[in-house]
Amino acid sequence: MTTDTVTAPETRAFEADVSKLLHMMVHSVYSDRDVFLRELISNAADACEKLRYEAISNPALLSDDPQSRISLTLDKQAGRLVIEDNGIGMTAADMAETLGTIARSGTKAFMDKLAADKNGEGQQLIGQFGVGFYSAFMVAGKVEVVSRRAGEADAAAWSSDGLGTYTIAPAVPEAAPARGTRVTLDLLDDAKPYAELYTVERIVKAQSGHVPVPILIHEAGSTDEPRQVADGVALWTKARSDISEDDYADFYRSVAGQFDKPALTLHYRAEGRHEYSVLTFIPETKPFDLFDPDRKGRIKLYVRRVFITDEAEILPRYLRFVRGLVDTADLPLNMSREMIQDSPVLSAIQKGVSNRILSELGKLATNDPERYAAIWENFGAVIKEGLYEDYERRDQLLGLARFKSTASNGMWRSLKDYVGSLKENQTAIYYATGNDLDRIAQSPQIEGFKARGIEVLLLPDQVDSFWTTMGVDYEGKPFKSVTQGAADLSLIPLADENSGAAAPSEETSSFIAFAKEALANQVSDVRISDRLTSSAVCIVAVENAMDLQLEKMLASAGRAPERAKPVLEVNAGHALIARLSQVSDDDDSRRDIAFLLLDEARIAEGDPPADPRAFAERLERLMTRALG
């Protein structure tokens, strides 16, 4: 087409493989049909931005209608949706070029023309019209476009059913917009809800509420004035001084889908090599999907104030509780999420935003420990996943971590607090894992540490059994499980020097030697313990074996190899051990006692006896002997 007008209807074949394109649009690029409205609104806003730019040099283009707007008309009875803008508009030639081809688009050509522009005005353009427009065929059996370019008298109409051809014809001037474009969708039967007020309003607010053009909705046949549902001003583009706490809270609820208040709000604009705006929130309460197996984040990505996706993985998965958005002009509006995800620009944004959020949490922990403790109470178990997954930020995360311990009296303690209270000759940070905080605190393996005033971290979250195995250290002090290997407590004196255990008697030493031989198939060793003070026995893992709690977790999930033989530790000073060691030389009785002590240690760990029937029989025999 060589002129900007048409004198008669013309039917043409698309200059690209439209059938393939439409299949891609419906089945590959977009998984949610709601996105078609975002695309058409984006195109409309794009047209308004083009007009605004051209009107700088040619103010007459605005005529007597200077205010940009996008209008949505809903005709529920006819099953029709109309999207109209008063932007730059198109001639017939523009339609053939932008709506009839895939390789080129009006926006792309316009942006190419402005590539040398140094003042950045043209960079506010959004959308690639020739691609996003075709998403309309996901919901419409027929699409009609009527448009008049700003400053022109003639108007043109474009229509297609998306099956391979389109028609361009002159439009009746009186029936065309004074300037701009009107897109009419005849909705498919299963898409009729897109002509309903509630549905459209919800989509607009969720996906296009922050485009830089006001959006109005009107129901066909209604005498009511069109209602504005978006004012065209993105909250995150405003100065923080112009935004109230209530404004932030309302926006948080809309973007997060929650009804609480944000515990922390982070709003800033990054400038430098890459420029982007960030508005994120940490919820006051736990989101319902916090422990979703997919561990997906919920940060929305906008490009030039147009919603693109909430699956771009802006933040690492251990920050998935953060809600909000990132808006950048440095990314193109690509068709596929995969292309966006692989962008080096997005990688830089990911790093910058993640570091900033962790930095803000660090400041809050220092300046307002009470508020930070509330955040950690809700999300600490998730943040600790980063200790396992994010080696680069591990030191920073260790600084943020808070723990309950044997010395915290139910309060949160930092590792800095812990290291500051190390005992003389203490070379490790000791911890105990489990499923229940109170139960961990009563573990027999902790007794010797408590008796020496050594603080033990109490770790009740599943992730604790994993990150502690990663060779983590804090200020040169490694983490060491109280249920693994030797306790190495001999160099640290007891708090009560008179409570130290006497050397084991000859009978006790003899019994321990016998038990080691009798239990050889069950344990790797039987030895005198320096970690027990009130309990008779306990079991621990050997030095280089898996921690007991992690071993149990993996075994229960069917993911662990055969469980390693534990070590049975005996409190040589315990009255029960002393009495049992004096039992007659009857080897059968001594063997029963040895197995019963091992099962007692297992039960204390929350495990059943290895052989419940044999346990019961041994217990009956011992009771019978005791009763004479």
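**Figure 1. Glu617, a partly exposed residue in helix α21.** Buried means under 20% relative accessible area, exposed means over 50%, and partly exposed is what falls in between. Glu617 has a relative accessible area of 32%, so it counts as partly exposed. In this predicted model, the residue sits in helix α21, which runs over residues 612-626. Also in this view is Asp592: 25 residues separate it from Glu617 in sequence, and the C-alpha to C-alpha distance is 9.2 Å.

**Figure 2. The whole protein, for orientation before the other close-ups.** Here we have 21 helices and 23 strands. The protein has 628 residues, and 51% of them count as buried. Take the contacts with a separation of 6 or more: residues 24 or more positions apart make up 72% of them.

**Figure 3. Where helix α2 packs against helix α6.** Two packed helices are described by the angle between their axes and the distance between the axes. For α2 (residues 35-57) and α6 (residues 197-208), the angle is about 65 degrees and the axes are 10 Å apart. The crossing of α2 past α6 is right-handed. On the α2 side, look for Val35, Leu37, Arg38 and Ile41; their partners in α6 are Val200, Ile203, Val204, Gln207 and Ser208. Sorted by class, this contact has 6 nonpolar, 2 polar and 1 charged residues.

**Figure 4. Ser208, a buried residue of helix α6.** Is Ser208 buried or exposed? Its relative accessible area is 2%, so Ser208 is buried. Leaving aside residues up to four places away in sequence, Ser208 touches Arg38, Ile41, Ile203, Ile215 and Ala230. Of these, Arg38 and Ile41 belong to α2.

**Figure 5. Asp231, in the loop between β9 and α7.** Strand β9 covers 227-230 and helix α7 covers 245-256, with Asp231 in the loop that links them. With a relative accessible area of 41%, Asp231 is partly exposed.

**Figure 6. Inside the largest nonpolar core.** This core has 69 residues, and those touching the most other members are Ile314, Phe321, Val353, Leu361, Leu457, Trp467 and Phe479. Helix α9 (residues 344-367) is the top contributor, giving 9 residues. What does Phe321 touch, not counting residues up to four places away in sequence? Its contacts are Phe281, Ile282, Pro283, Pro287, Leu290, Phe379, Val382 and Ile383. Another core lies apart from this one; it has 47 residues, including Ile83, Leu99, Val139 and Tyr194.

**Figure 7. Model confidence, from helix α4 to strand β3.** The mean pLDDT of the protein is 85, with 88% of the residues at 70 or more.

Technical notes:
Residues numbered from 1 in each chain as written. Predicted model: local features only at pLDDT ≥ 70, side-chain atom pairs only at ≥ 80, totals over all residues. Heavy atoms only, no water. Axes fitted to C-alpha atoms, helices over the stretch in contact; angles between N-to-C directions. Helix = DSSP H or I, 4+ residues; strand = E, 2+ residues; numbered from the N terminus. Left-handed = near helix turned anticlockwise from the far one by under 90°. Contact = heavy atoms within 4.5 Å. Nonpolar A, V, L, I, M, F, W, Y, C, P; charged D, E, K, R; others polar. Core = buried A, V, L, I, M, F, W, Y, C linked by side-chain atoms within 4.5 Å. Buried < 20%, exposed > 50% of the residue type's maximum accessible area, 1.4 Å probe, protein only. pLDDT = per-residue confidence, 0-100.
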